Amino acid sequence: MSDLAPAPVRCRFAPAPSGSLHVGNVRSALFSWLFARHQGGTFVLRLEDTDASRVTEEAVKGVLEDLRWLGIDWDEGPYRQSERLDIYREKADQLLADGSAYRCFCTKEELDARSKAARERGEAPGYDGHCRDLTEEQVEAYDAEGRSAVVRFRMPDREWLVEDIVKGEVRFAAGQLRDFVLMRSDGSPVFLLAVAVDDMLMGITHVVRGDDLLASAPRNAAVVEALGGTPPRYAHVPQVLGPDRQPLSKRHGSTSVESFREQGFLPEALVNYLALLGWSPGGDREILSRDELVSAFDLGRVSSNPAAFDTEKLTWMNTHYVQALDDDELAARCLHFLTEEGLMPDPASLRAAMPLVRERMKTLAEAPELLRFLFTDDVELTEKAQGLVAKAPDGYLGRVADVLDAVEPWDADSIQAVLDALADVEGLSRTKAFQPVRAAVTGSNVSPPLPQSLALLGKERTVARVRVVAAGAA
């Protein structure tokens, strides 16, 4: 038995920054981050940005912003593969020198033709090893023709076993995995080289990623071993599905982190929801803080079955987190959505409004509709609001303006008392009495509780709005 202590846990997240992060990718990042934090290990951020045709600096910035917003922090990085090209070329040369790789001169047309012939013979497609054992004379002849060459890895012809933390033992039969390209003819690395080199040099011990990459695990491991390293342990998590049980994609609506942020979801709600998407801490608890998630997380409890993304469940969870914020924090988080709509609330009034809207908000993006009437006098009645005004008794809103103008002190209790008294005189239920007033003051048929809303708005603004609408209805 070895007396050596196990290596410290080192996990990584390695997105290709070609757009805003997809929630499926983020779940893999979250699981990796939670595992690293639970184990007291290191979390590394690495950007797979070698494809200049897809990667933009704006996308790189977006990835960093999305992770910071979610609270997924990193201990090292962000490393950028585009800045490590010399390292990959050096390792490719090492593999060529020791015979673990070779130059392949096959053209695309030749590869396609041989692949087609193999299919016609009923054989499995894949590289047929044409350049695997070229003589020096053959190599010299190809060079003399001016043929370009890729660097191809010589995959050992043996069974490969991936002891996956989520999937269990996954076996790949001898001959199932063909030789594959490491470096393109222009000298740029492909994923299978860069990821193996980086995982080895960065000492990555555990890789959490989508199960669509499971087939690359033995290839990654083979390259690491050929370079003299120890492959990481893998945890391939199932894909996130949409309501139709198909892999979540844009056809299910926007599924990016940026989109959920713009819709007013809280980061702690999204993190909580994604953590429970295919993992369970045991028991029936569903609301867990970040610290509780870190404390409970175990890769061994990640399900090997796909999980479906349920926006309604996320919305329910988000509502819980919105209602749990104190007034100052909720006001601060609503401010962005209000200013995006051109509203400039004063801090005191915004904070005072939070108890009125807290129970009515599922997402922060609903704040402008609920609070617009407080922070602008440019209030236009919606069609439904106009209908409520039209149904009011003749002269009713004028009488409302008169009784409100006489209210002292101007507070919610006094306002409700005079409106209830007028409703009794008019023979109206509270609902029918309040609806046209709400419409006149807020421009909508939906608002926070009316007396409290009017108290915040102030007597002068309230009475003025009711008189304007009353005059228009006369």
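Visitor: Is Lys108 buried or exposed?

Guide: This is a predicted model. Lys108 is exposed, at a relative accessible area of 58%.

Visitor: Which residue pairs with Lys108 in a salt bridge?

Guide: The general idea comes before the case. Side chains of opposite charge can pair when their charged atoms come close. Here the partner is Asp112, with the closest N and O atoms 2.8 Å apart. Both residues sit in helix α4, four residues apart, about one turn of the helix. Asp112 is partly exposed, at 40% relative accessibility.

Visitor: How many salt bridges are there?

Guide: The count comes to 37. One of them joins Asp143 to Arg103, with 2.8 Å between the closest N and O atoms. That pair links distant parts of the chain: Asp143 is in helix α5, Arg103 in strand β4, 40 residues apart.

Visitor: Which residue forms a salt bridge with Lys313?

Guide: Glu286 does, with the closest N and O atoms 2.6 Å apart. Lys313 lies in helix α11 and Glu286 in the loop between α9 and α10, so the pair ties together parts 27 residues apart in sequence. Lys313 is partly exposed at 27%, and Glu286 is partly exposed at 32%.

Visitor: Which residues are linked in a network of salt bridges?

Guide: Arg12, Arg46, Arg84, Asp198 and Asp199.

Visitor: Which residues form the negative surface patch?

Guide: Glu58, Glu65, Glu258, Glu262 and Glu340. Helices α2 and α8 each give two or more residues to the patch. Glu58, in helix α2, is exposed at 67%.

Key
Residues are numbered from 1 along each chain as its sequence is written. This is a predicted model: local features need pLDDT of at least 70, side-chain atom pairs count only at pLDDT 80 or more; totals for chains, interfaces and linings use all residues. Side-chain values use heavy atoms; hydrogens and water are left out. Patches are made of residues with over 30% relative accessible area and no salt bridge: like charges are joined within 9 Å, nonpolar side chains (Val, Leu, Ile, Met, Phe, Trp, Tyr) within 5 Å. Accessible areas come from the Shrake-Rupley method with a 1.4 Å probe; for residues, only the protein chains shown count as cover. A salt bridge is a side-chain nitrogen of Lys or Arg within 4 Å of a carboxyl oxygen of Asp or Glu. Lys and Arg count as positive and Asp and Glu as negative; His and the chain ends are not counted. The place of a charge is taken as NZ of Lys, CZ of Arg, CG of Asp or CD of Glu. Buried means under 20% relative accessible area, exposed over 50%, partly exposed in between (1.4 Å probe, protein chains only).
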